[in-house]
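Have the sequence and the 3D view ready.

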Amino acid sequence: MISVEEARKFIDEHHASWGSERVSLGESLGRVLAEEVRADRDFPPFDRVTMDGVAIGYEAYVSGRREFEVSGVQYAGEAAKNISGDDQCLEVMTGAVLGSSCDMVIRYEDVVFHDQDGRRFATISDEQGFRWKNVHRQGSDQKEGEVLLAPGQVIHAGVLAILATVGRMETYVQKFPKVAIVSTGDELVDVAQIPKAYQIRKSNVVMMESVLTMKGVSCSMFHLLDDYEILTKELSHILKSHDVLLLSGGVSKGKADFLPQVLEELGVEKQFHTVAQRPGKPFWFGIHQKKPVFAFPGNPISTMMCFQVYFMPWLSKQLHTYSDTSVAVLTEDVVFKPDLGYFVQVSLQSHQGRLYAMPQAGNGSGDLVNLAKSTGFLYLPAGQEVYKKNKEYLVYSFSPL
Ligand SMILES: Nc1nc2c(c(=O)[nH]1)N[C@H]1C(S)=C(S)[C@@H](COP(=O)(O)OP(=O)(O)OC[C@H]3O[C@@H](n4cnc5c(N)ncnc54)[C@H](O)[C@@H]3O)O[C@H]1N2
Ligand code: MOO
Ligand SMILES: [Mg+2]
């Protein structure tokens with residue numbers, strides 16, 4: 001039996017990447033860029049007015065002129081207009097092009113207008129003028145051809161806006177793995193079925209499928225009976241056609257727990273079987289031709305914990321979307337005597353920037369309904385019997401929000 005930390009290390013040392021694929025802009029949010037994206041033009045692409053007001057020539061301003069005749073209005077979305085003398089100005093709107101005859105914008109708040117003989121004049125009161133005031137100069141952010149985004153960049157909302165502004169209808173992103181989720185067990189029936197007295201619905205695999213689907217990872221679902229021959233035959237096919245296998249059930253010591261033996265027979269190299277932890281002690285992990293096989297213990301809380309604590313962080317690391325684990329403050333003493341790492345279910349609440357974890361122990365790893373009270377697992381490392389309140393521990397939240 002190995003420790004939680006050793007198990008994490010075995011898993012995290014296994015690196016995988018699955019190539020790249022082209023997706024539409026709308027599908028790219030949350031994905032990881034697999035190409036360089038360059039500026040298709042200068043940013044901004046023209047001298048851009050940043051305040052509604054009047055545009056004048058700076059030379060006229062320094063020579064002391066404060067009154068200008070309005071020669072026209074320049075709206076955003078129009079080609080550049082110009083003044084024909086330094087006694088003129090243009091009314092200009094934010095986002096408009098600044099014509100080459102002007103190099104300074106005075107905002108409306110510092111301008112007074114008056115009309116005379118059908119002509120319109122602007123008198124400016126801005127005494128802190130400088131050249132290019134209220135102008136976002138062409139190319140001052142980025143020059144055409146410069147690299148704006150590098151491979152490995154996570155496409156968050158801001159990055160998506162950059163892709164949009166450079167006109168990328170499609171982008172290369174890192175491919176997700178082809179994940180197979182396999183439930184094993186003669187007692188299991190589909191969610192839509194009415195179970196007989198001795199049957200239960202297969203909640204574990206549906207839970208994993210939903211979490212992965214929400215991340216954009218599509219999964220193939222399989223159900224296999226507790227039969228050595230069937231398991232061997234079917235898993236051999238599933239292994240060939242998928243990049244990652246997630247199995248639930250059949251890994252403990254029962255007479256129908258065939259998976260460890262079947263997997264080894266199929267050439268999956270066992271990395272470990274059993275981890276010094278509760279729940280999830282019989283967790284089995286192996287590698288077949290660089291493809292990881294996670295065989296989670298079937299009890300619902302065990303599958304849930306191993307999936308959230310081991311698999312999801314591993315997947316995020318491969319996809320470069322991993323954000324470091326957070327910590328939470330334990331709100332009451334927890335007594336746990338076995339010499340095992342204890343992943344206690346907790347409800348989490350944040351208060352003044354700190355996260356607090358209220359233990360919701362429940363009735364063990366078969367007590368699925370207790371999950372309604374919790375939003376994560378708090379990791380209490382082995383080697384202690386009493387875990388004191390007010391201490392911080394690593395927390396694995398499974399809240400989707
Ligand atoms: N003699 C021993 N017995 C057991 C040990 C042990 O160390 N010695 N470990 C216990 C622990 S801890 C766990 S956890 C379970 C692990 O069991 P398996 O991985 O072999 O899983 P199964 O026997 O197939 O099922 C266990 C339990 O989980 C339910 N299950 C399975 N799949 C699903 C699913 N997709 N959705 C919902 N529930 C599922 C299944 O019906 C069983 O009730 O072994 C202990 N025994
Ligand atoms: O490890 Mo089992 O998960 O305690 O029921
Ligand atoms: Mg079993």
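Before going on, some ground rules. This is a predicted model, in which local features need pLDDT of at least 70 and side-chain atom pairs count only at pLDDT 80 or more, while totals for chains, interfaces and linings use all residues. Residues are numbered from 1 along each chain as its sequence is written, chains are lettered from A and ligands numbered from 1 in the order in which they are written, and side-chain values use heavy atoms, without hydrogens and water.

Tyr228, Leu231, Thr232, Leu235, Ile238 and Leu239 of α5 are buried (under 20% relative accessible area; exposed means over 50%, with a 1.4 Å probe and protein chains only). They cover an arc of only 140 degrees around the axis, which puts them on the same side of α5; the arc is taken from the directions from the helix axis to the C-beta atoms. An α-helix has 3.6 residues a turn, so residues three or four places apart point the same way. Turned away from the buried side is a face with the exposed residues Glu229, Lys233 and Lys240.

What do the buried residues of α5 pack against? Their partners include β13 (179-184), β16 (219-224) and α6 (259-265), where contact means heavy atoms within 4.5 Å. At the start of α5, the backbone nitrogen of Glu229 has a side-chain oxygen of Asp227 within 3.0 Å.

**The two ligands**

Among the 19 residues around ligand 1, those that come nearest are Glu187, Gly250, Ser252, Asp257 and Gly298. Around ligand 2 are Pro279, Gly280, Lys281, Pro282, Asn299, Ser302 and Ser365. A residue counts here if one of its heavy atoms lies within 4 Å. The table gives some polar contacts, meaning pairs of N or O atoms within 3.5 Å.

| Protein atom | Ligand atom | Distance |
|---|---|---|
| Ser248, polar side-chain atom | ligand 1, nitrogen | 3.4 Å |
| Asp257, polar side-chain atom | ligand 1, oxygen | 3.0 Å |
| Gly298, polar backbone atom | ligand 1, oxygen | 2.9 Å |
| Gly280, backbone N or O atom | ligand 2, oxygen | 2.6 Å |
| Asn299, side-chain N or O atom | ligand 2, oxygen | 2.9 Å |

Technical notes. Helix = DSSP H or I, 4+ residues; strand = E, 2+ residues; numbered from the N terminus. Polar contact = N/O pair within 3.5 Å; in protein donor to acceptor, adjacent residues only side chain to side chain.
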